[in-house]
Amino acid sequence: MKKVVIYTDGACKGNPGPGGWGAWLTFGEHEKKLCGGEPETTNNRMELMGAIEGLAALKERCDVTLYTDSSYVQKGISEWLEGWKKRGWKTASKKPVKNQDLWQKLDEQSLRHDVTWKWVKGHAGIEGNEIADQLANAGIDKITAVKK
């Protein structure tokens, strides 16, 4: 099975506001840079989109190490998701899970692969995280350029 490393990030100008997501995928000598955005969104939604789109870009089952600087994404997928599903997409306090649509997509994509989820400190000079951050900001630039 191919071993792939993915760094993902999300960014928002205002929260909510125009947002972007980025994903940097590497496999051996190969790399793929992805980005996109939405005109009105939240930072957490863009963090989720980075992970969703990064995993969705893989055409076959892979052994993936996915790095995110979002504890929301890392804890959500690793600690909270199973409970949400058991409770019919309700939190422990019986409230609807925020961003349920994207959590379901992320769950679907992560089940296609063997994913190890890793949290990294953002803006700490970690190359992959810095590249993902640049891609997320490029996603915002794409959206705001369309508006002008």
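Which residues does glutamine 74 touch, not counting residues up to four places away in sequence? In this predicted model, the contacts of glutamine 74 under that condition are Thr68, Trp117, Lys118 and Trp119. Glutamine 74 is located in helix α2. With a relative accessible area of 16%, glutamine 74 is buried, because buried means under 20% relative accessible area.

Helix α3 was examined next. It consists of twelve residues, and the distance from its first C-alpha to its last is 16 Å, close to the 16 Å expected at 1.5 Å a residue. The buried residues of α3 are Leu102, Trp103, Leu106, Asp107, Gln109 and Ser110. These residues lie on the same side of α3, because they cover an arc of only 170 degrees around the axis. The buried residues of α3 pack against α1 (43-56), α2 and β5 (114-119). On the face turned away from the buried side of α3 are the exposed residues Glu108 and Leu111.

Valine 97 is found in the loop that runs between α2 (71-86) and α3 (100-111). The relative accessible area of valine 97 is 7%, so this residue also falls under the 20% limit for buried residues. When its neighbours within four places in sequence are left aside, valine 97 is in contact with Trp84, Trp89, Lys90, Thr91 and Trp103. Valine 97 and lysine 121 are 24 residues apart along the chain, and their C-alpha atoms are separated by 25 Å.

Key: Residues numbered from 1 in each chain as written. Predicted model: local features only at pLDDT ≥ 70, side-chain atom pairs only at ≥ 80, totals over all residues. Heavy atoms only, no water. Helix = DSSP H or I, 4+ residues; strand = E, 2+ residues; numbered from the N terminus. Buried < 20%, exposed > 50% of the residue type's maximum accessible area, 1.4 Å probe, protein only. Contact = heavy atoms within 4.5 Å. Expected span 1.5 Å × (residues − 1). Arc of directions from axis to C-beta.
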